[in-house]
Amino acid sequence: MLTHWSNLNRFLHDFNDISDRLATVPTARVHARSSWAAADIVETDESLTLTLDVPGLRSDDIDLVIEDGVLQITGGRQRLEHEGGVTHRQERRFGTFNRSFRLGSSLDPSGTTAGVVDGVLTVTIPKSAEGKPLRIEVV
C-alpha cells in the first residue's frame with residue numbers, strides 16, 4: 001500500500017513540474033501563481049501583453065512597479081461587512097494578491113501601458129528595437 005501512495009506522489013510531482021515548464025514564456029517567467037489574479041501572457045512582434053483577472057477592482061486598487069527587470073503587480077479588495085446580518089456563504093475572494101513577472105531583455109519597460117476594463121487588467125510592454133524581428137525584403 002505504501003508503494004501506491006509513493007507512486008501517486010511521484011506522479012503529482014512530475015505533473016506539476018511539467019505544468020510549470022509548459023507555462024513558461026521565454027520573455028516573461030512567472031514567479032508566483034495565484035487564481036486570485038490569473039494571468040494570460042501573449043507575445044507579438046511589437047509587444048508583450050499580460051492580461052489578469054481582477055474582478056471588482058478599480059485602477060486605484062492596483063499597483064504596478066517595474067524594478068530590476070521584474071514587473072510586480074499588487075492589489076486587493078476589502079471584505080464587505082454586512083451589519084446586522086449573518087454570512088452563510090463567502091465565495092468571493094477578498095484580501096491582497098501579488099504577482100511577479102521577470103521581463104526579458106528584449107522589452108522596453110519605459111513604454112509600458114496599463115488599464116482596467118470590466119475586471120480585466122491589461123498591461124502592455126513594447127519590445128525594444130533589439131527585440132523586434134528584422135524584416136528584410138527580398139528583391
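1. Leu 121 is buried, with a relative accessible area of 2%, where buried means under 20% relative accessible area, exposed over 50%, and partly exposed in between, computed with a 1.4 Å probe on the protein chains only. The residue belongs to strand E8, which spans 120–126; helices (H or I, at least four residues) and strands (E, at least two) are DSSP runs, numbered from the N terminus. Leaving aside residues up to four places away in sequence, Leu 121 touches Leu 50, Thr 51, Leu 52, Val 54, Ile 62, Leu 64, Ile 73, Ala 114, Gly 115 and Val 116, a contact being heavy atoms within 4.5 Å. The C-alpha atoms of Leu 121 and Pro 55 are separated by 9.2 Å, although the two residues are 66 apart along the chain.

2. A word on the basis of these remarks. This is a predicted model, in which local features need pLDDT of at least 70 and side-chain atom pairs count only at pLDDT 80 or more, whereas totals for chains, interfaces and linings use all residues. Residues are numbered from 1 along each chain as its sequence is written, and side-chain values use heavy atoms, with hydrogens and water left out.

3. Of its 139 residues, 24% are buried. Among contacts between residues at least 6 apart in sequence, 54% join residues at least 24 apart. The chain exposes about 10200 Å², of which carbon and sulfur atoms supply 51%, the areas coming from the Shrake-Rupley method with a 1.4 Å probe.

4. The largest nonpolar core has 16 residues, of which Leu 50, Val 54, Leu 71 and Ile 73 touch the most other members. Strand E3 (47–53), strand E5 (70–77), strand E6 (95–103) and E8 each supply at least two residues of this core. Such a core is a set of buried Ala, Val, Leu, Ile, Met, Phe, Trp, Tyr and Cys residues joined through side-chain atoms within 4.5 Å. Beyond four places in sequence, the partners of Leu 50 include Asp 40, Ile 41, Leu 71, Phe 101 and Ile 125.

5. Pro 133 and Asp 45 are 88 residues apart in sequence, yet 6.6 Å apart in space, C-alpha to C-alpha.

6. Backbone geometry calls for a check at two positions. Most residues other than glycine have a negative phi. Asp 68, however, has a positive phi of about 55°; Asp 68 sits in the loop between strand E4 (62–67) and E5 and is exposed at 70% relative accessibility. Asp 118 likewise has a positive phi, of about 50°, and is found in the loop between strand E7 (113–117) and E8, where Asp 118 is exposed at 78% relative accessibility.
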